[in-house]
Structures are given as C-alpha cells and as structure tokens.
Amino acid sequence: MRLDKFLKVSRIIKRRTVANDACDTEHVSVNGKRAKASYDVKENDIIEITFGQKTLKVKVLDVREHALKADAAQLYEVIE
C-alpha cells in the first residue's frame with residue numbers, strides 16, 4: 001500500500017492530499033530515510049512524521065485497504 005494511503009486509512013493524517021503534501025515536503029521518513037508518497041508500506045516499518053515542533057514515531061502492525069474508525073488505531077503502535 002502507498003504511504004500516503006496508509007497514513008489516511010490509519011487516520012494518522014485525516015486526508016490523503018495532506019499526507020501526500022507532507023511526504024513531498026519531506027516531513028515523513030520511513031526506517032530513517034525520507035520517503036515519497038509512493039513508498040510501499042510493509043509491516044514492521046517505522047514511520048516518523050514531523051508536525052511543526054512535534055514528532056510522531058509509529059510502527060506499522062498491519063496493512064489493510066480499509067479500516068473502520070474504531071479499528072484504525074490497531075494498524076500501528078506509537079513508539080514515541
């Protein structure tokens with residue numbers, strides 16, 4: 001699954017266009033490397049997102065095409 005779509009499905013970022021922009025402006029890295037929106041997300045990847053002064057670091061637990069709002073938090077685990 002594409003990185004921008006995973007960020008939207010997991011509800012880490014609300015809209016896919018916003019996730020795409022975050023990737024384009026190098027606010028998102030996967031496994032320590034800057035990632036484009038087209039990066040193919042796999043289980044156990046470590047995604048790091050910078051929101052202004054804050055940084056969110058999550059580990060991908062599951063990759064699904066669709067997730068209900070209640071199940072979205074089960075797709076990842078917050079590390080920091």
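Start at arginine 16. At 33% relative accessibility, arginine 16 counts as partly exposed. Keep in mind that this is a predicted model.

What does arginine 16 meet in a salt bridge? The side chain of aspartate 4, at 3.3 Å, N to O. Aspartate 4 sits in helix 1 and arginine 16 in helix 2, so the pair ties together parts that are twelve residues apart in sequence.

Now aspartate 4 itself. Buried or exposed? Aspartate 4 counts as buried, because its relative accessibility is 1% and the cut-off for buried is under 20%.

Aspartate 4 has another partner. Its side chain also meets that of arginine 2 in a salt bridge, 3.1 Å from N to O. Arginine 2 is partly exposed, at 35% relative accessibility.

Next, lysine 5. Lysine 5 forms a salt bridge with glutamate 65, and the closest N and O atoms are 2.6 Å apart. Where are the two? Lysine 5 is in helix 1, and glutamate 65 is in the loop between strand 4 and strand 5, so this pair ties together parts that are 60 residues apart in sequence. Glutamate 65 is partly exposed, with a relative accessible area of 44%. Lysine 5 also counts as partly exposed, at 22% relative accessibility.

The salt-bridge count for the model comes to four.

Take two of its members.

Lysine 8 is in helix 1. Its relative accessible area is 37%, so lysine 8 is partly exposed. For a sense of distance, take lysine 8 and serine 29. They are 21 residues apart along the chain, and their C-alpha atoms are separated by 16 Å.

Arginine 11 is in a loop. That loop runs between helix 1, residues 3-9, and helix 2, residues 16-24. Arginine 11 counts as partly exposed, at 34% relative accessibility.

What is the strand order? It is 2-1-3-4-5, an open sheet of five strands with antiparallel pairing. The edges are strand 2 and strand 5, residues 76-78, and each of these pairs on one side only. As a reminder, strands of a sheet pair through backbone hydrogen bonds, either parallel or antiparallel.

Look at strand 1 against strand 3. Strand 1 covers residues 28-30, and strand 3 covers residues 46-51. Three bridges join them, and they run antiparallel. Valine 28 stands opposite isoleucine 49 of strand 3. Valine 30 stands opposite isoleucine 47, also in strand 3.

Then strand 3 against strand 4. How many bridges join them? Six, and again the two strands run antiparallel. Strand 4 is residues 54-60.

Which brings me to positive phi away from glycine. I have two cases.

Case one, glutamate 26. Glutamate 26 has a positive phi of about 60°, although it is not a glycine. Glutamate 26 is in the loop between helix 2 and strand 1. Is glutamate 26 buried or exposed? Exposed, because its relative accessibility is 52% and the cut-off for exposed is over 50%.

Case two, asparagine 31. Here phi is also positive, about 55°, and asparagine 31 is not a glycine either. Asparagine 31 lies in the loop between strand 1 and strand 2, residues 33-34. At 41% relative accessibility, asparagine 31 counts as partly exposed.

To recap. Lysine 5 and glutamate 65 tie helix 1 to the loop between strand 4 and strand 5. The open sheet runs 2-1-3-4-5. Glutamate 26 and asparagine 31 have positive phi without being glycines.

That's it from me. Over to you.

Terms used: Residues numbered from 1 in each chain as written. Predicted model: local features only at pLDDT ≥ 70, side-chain atom pairs only at ≥ 80, totals over all residues. Heavy atoms only, no water. Helix = DSSP H or I, 4+ residues; strand = E, 2+ residues; numbered from the N terminus. Buried < 20%, exposed > 50% of the residue type's maximum accessible area, 1.4 Å probe, protein only. Pairing = 2+ DSSP bridges.
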